[in-house]
Amino acid sequence: MRVPESPVLLAAQALSLGYGGVPVLRDVSLTVRAGEFWFLLGRNGAGKTTFVRAALGELAPLAGQLTLHPALRDRAAVGFVPQRCTPNPILPTTVREFVGLGLVGVRVDAAARRERIAWALAHAGLAGCETQSYWTLSGGQRQRALVARALVRRPRLLLLDEPTNHLDAVIERGVLDLLEGLRREEGTALLLVTHARHLAERYATHVAYFHGGGVEAGPAAALLQPERLTGDVAATEAP
Amino acid sequence: MIGEFAASWPLFHHAYLAGWLIAVLLALLGVLVVARNQIFIGAAVAQASTLGIAVGMWAGAVLGSEVLRGDHAHGALSLVGVLFAIAAALFTARDGGAGGTREAATGWVFLASASLAIIVLAHSPHGLEEIHHLLSSSIIGATPADVWTFAALAAVSLAVVAATRDRLLLLAFDPAMAAAVGMRPAWWGAALAVWLGLVMGLAMRATGLLYAFGNLVLPAIAAASLCRESRSLFWAAPAIALVCAVVGFILANHYDDPPGQMAVVVQAAAVAAAWAWRRAVVR
């Protein structure tokens with residue numbers, strides 16, 4: 001009996017992306033399904049963040065197609081965790097308010113809003129911090145608050161741009177475990193931009209290597225074989 | 001003191017009402033200005049509006065146009081001031097515009113506007129007096145039209161903020177996330193700049209730089225020290241501005257001091273008290 005495949009949430013076909021008509025990425029083809037954990041690896045300037053911007057609808061393709069599942073087209077079920085968030089420190093805010101801002105563009109009533117925030121905080125390991133000032137959180141907790149702000153949308157597709165860049169190894173692993181749990185329990189598809197190949201070896205189901213203006217994409221087990229690594233990829237950061 | 005103020009009401013009620021409405025309106029807008037770290041953009045926009053009014057007066061004198069001269073020039077000069085203010089707000093709101101930083105553009109607009117406004121009217125007998133009047137602020141000349149104009153602007157602003165509060169906050173907290181959820185930060189920034197220019201331009205003509213700039217930044221700063229969440233700033237800042245303006249006008253009437261300046265002094269005292277309260281609570 002054939003096992004039904006998970007739905008395709010994002011598909012790139014012969015996609016070219018760039019700025020001012022100058023391509024940064026050419027002929028990218030990959031398919032992201034529900035429950036997959038994609039690691040976007042490559043050196044600085046290889047086009048990883050450009051691809052994420054296109055997936056978020058901020059950048060139109062120069063050529064080819066980038067399509068989202070119809071249920072994601074209003075972006076209410078798409079989450080994003082930026083590399084860092086540095087709000088103006090004059091702004092007073094609680095963890096609850098900060099996380100609740102992730103609901104912009106999502107139609108929920110007050111009760112559902114409270115329930116979603118509580119769920120996101122629990123999953124991000126910040127339960128009980130609702131009324132705490134955001135400014136009293138540690139660096140790791142703030143990063144978890146960023147993840148919670150994305151989770152509050154109940155995303156089916158979650159994009160993360162180097163979310164653990166400024167964290168120590170213990171907190172980094174905590175954030176990755178949180179994301180892995182989300183993938184397994186909720187079937188969320190994750191696209192994570194990173195330089196850290198050792199994280200891909202531990203968590204990735206799929207890998208996309210960005211190098212030379214192109215992308216090599218596929219299952220992690222196949223692409224993370226040492227003999228498959230190009231010079232660029234082999235040079236990405238080890239633990 | 002209250003009785004004296006009530007006695008002055010028939011003579012100055014248009015000025016008082018316009019002053020209070022401007023306080024509420026600018027404090028509401030000031031929340032966004034302070035939240036987006038654009039305090040000095042407010043000062044630059046106010047100075048650009050002053051330059052616009054100066055250029056309008058100069059043009060009226062040179063061209064002999066009655067539209068820009070004399071007692072009937074209020075509307076036309078306000079329009080020129082608003083246009084200059086909007087242009088300045090748009091110019092300074094752009095990140096990295098004209099090859100420089102936003103701060104550099106803001107400083108350039110402020111200094112160029114302040115200097116040019118003086119130079120343009122340096123040889124006009126009444127021009128410098130008018131510029132001094134604008135810079136030092138006086139609310140006494142407010143008209144019934146000012147009251148209706150600022151009531152309408154305040155009502156529209158309150159409605160817009162009520163409908164888009166979370167979007168505005170997300171834009172202030174994290175423009176990258178705002179873009180990711182489908183907002184267009186550049187479009188929103190331009191819309192807010194036009195709104196700031198419009199309101200500041202009109203407020204400048206009605207009350208002058210000190211009162212307009214004071215209401216734009218001080219109530220929002222005080223509210224930021226008193227509130228636990230940023231969404232509360234949208235009612236706390238206008239409330240603080242209104243209370244300070246009422247208290248300031250009553251004190252000014254009692255001591256026979258300029259009301260605009262007195263209101264700003266009260267606001268500054270409110271900010272100092274809020275900072276002291278914050279420091280005490282944090283400790």
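Helix 1 of chain B has a kink of about 95°, centred on B:Phe12. The model is predicted. Chain A is divided into two domains, domain 1 (1-77 + 157-168 + 189-239) and domain 2 (84-154). Chain A also touches chain B, with 18 residues of chain A in contact with 22 residues of chain B.

**The bent helix of chain B**

- Helix 1 of chain B covers residues 2-35. Its end C-alpha atoms are only 36 Å apart, whereas a straight helix of 34 residues would span 50 Å at 1.5 Å a residue.
- The kink is centred on B:Phe12.
- Just after this helix comes B:Asn37, with a positive phi of about 60°.

**Contact between the chains**

- Chain A brings 18 residues to the contact and chain B brings 22.
- On the side of chain A that touches chain B, 10 residues are nonpolar, 5 are polar and 3 are charged.

**The two domains of chain A**

- Domain 1 of chain A is made of three stretches, 1-77, 157-168 and 189-239.
- The C-alpha centres of domain 1 and domain 2 of chain A lie 26 Å apart.
- Their contact takes 7 residues from domain 1 of chain A and 11 residues from domain 2 of chain A.
- On the domain 1 side of chain A, the touching residues are 5 nonpolar, 1 polar and 1 charged.

**The three-stranded sheet of chain A**

- This open sheet has 3 strands in the order 2-1-4, and the pairing is antiparallel.
- Strand 2 and strand 4 (63-68) of chain A are the edge strands, and each pairs on one side only.
- Neighbouring strands are turned by 20° against each other on average, direction ignored.
- Strand 1 (residues 8-19) and strand 2 (residues 22-33) of chain A are joined over 8 bridges, in the antiparallel sense.
- A:Leu17 has A:Leu25 in strand 2 of chain A as its bridge partner. A:Ala11 stands opposite A:Thr31, also in strand 2 of chain A.
- Strand 1 and strand 2 of chain A form a hairpin, with 2 residues between them. A:Gly20 is in the turn and has a positive phi of about 60°.
- Helix 1 (residues 48-55) of chain A lies across strand 1, strand 2 and strand 4 of chain A. This helix runs at about 120° to strand 1 of chain A.

**The six-stranded sheet of chain A**

- A second open sheet has 6 strands in the order 5-6-7-3-8-9, and the pairing is mixed.
- Its edge strands are strand 5 (78-81) and strand 9 (214-219) of chain A, each pairing on one side only.
- The twist from one strand to the next averages 15°.
- Strand 8 (residues 206-211) and strand 9 of chain A run antiparallel and are joined by 6 bridges.
- A:Ala208 has A:Ala217 in strand 9 of chain A as its bridge partner.
- Helix 4 (residues 139-151) of chain A lies across strand 5 and strand 6 (157-161) of chain A. Helix 4 of chain A runs at about 165° to strand 5 of chain A.

Conventions. Residues are numbered from 1 along each chain as its sequence is written. Chains are lettered from A and ligands numbered from 1 in the order in which they are written. This is a predicted model: local features need pLDDT of at least 70, side-chain atom pairs count only at pLDDT 80 or more; totals for chains, interfaces and linings use all residues. Domain bounds come from an automatic or database domain assignment. Two residues are in contact if their C-beta atoms, placed from the backbone, lie within 7 Å. Ala, Val, Leu, Ile, Met, Phe, Trp, Tyr, Cys and Pro count as nonpolar, Asp, Glu, Lys and Arg as charged, and the others, Gly among them, as polar. Helices (H or I, at least four residues) and strands (E, at least two) are DSSP runs, numbered from the N terminus. The expected span of a helix is 1.5 Å times one less than its number of residues. The bend at a residue is the angle between axes fitted to the seven residues ending there and the seven starting there. Two strands pair if DSSP finds at least two bridges between them. Axes are lines fitted to C-alpha atoms, for helices over the stretch in contact, and angles run from 0 to 180 degrees between N-to-C directions.
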